[in-house]
Amino acid sequence: MGNREKVIETQKTGWFTGLKAEFKKIIWPTKETLAKETTAVVVVSVVVGLIIAMMDYIIQYGVDFLVNL
C-alpha cells in the first residue's frame, strides 16, 4: 500500500517539476509589445464592428424597401 502512495507522490512531483520547467521556457512580451498588440486588437475589433454595423444597416434598409413594395 505504501509503495503505491510513493508512486503517486512521485508522479505529482514530476508533473510540477515539468510544469516549472515549461514556464521557464516562456518568453514573456515586454510592456511596449503588449501595449502595441493590445491597441491593434482593439482597433481591429472596433473597425470590424463598424463594418458589421454598416452592413446590417444597409441590409435592413434593403429588406424594408423590398417589404414595402
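This is a predicted model: local features need pLDDT of at least 70, side-chain atom pairs count only at pLDDT 80 or more; totals for chains, interfaces and linings use all residues.
Local features were considered at pLDDT of at least 70 and side-chain atom pairs only at pLDDT 80 or more, whereas totals for chains, interfaces and linings use all residues. Residues are numbered from 1 along each chain as its sequence is written, and side-chain values use heavy atoms, with hydrogens and water left out.

The protein contains two helices and zero strands, where helices (H or I, at least four residues) and strands (E, at least two) are DSSP runs numbered from the N terminus. Of the 69 residues in the protein, 0% are buried, a class defined by under 20% relative accessible area, with exposed meaning over 50% and partly exposed in between (1.4 Å probe, protein chains only). The accessible surface comes to about 6900 Å², of which 70% belongs to carbon and sulfur atoms, as computed by the Shrake-Rupley method with a 1.4 Å probe, only the protein chains shown counting as cover for residues.

A nonpolar surface patch of about 1000 Å² is formed by V43, V47, I51, M54, M55, Y57, I58, I59, V63 and V67; patches comprise residues with over 30% relative accessible area and no salt bridge, nonpolar side chains (Val, Leu, Ile, Met, Phe, Trp, Tyr) being joined within 5 Å and like charges within 9 Å. Within this patch, V47 belongs to helix α2 (residues 31-67) and is partly exposed, at a relative accessible area of 42%.

One salt bridge is present in the structure, the term denoting a side-chain nitrogen of Lys or Arg within 4 Å of a carboxyl oxygen of Asp or Glu. It joins the side chains of K25 and E22 (3.2 Å, N to O), which both lie in helix α1 (residues 2-25), three residues apart, about one turn of the helix.
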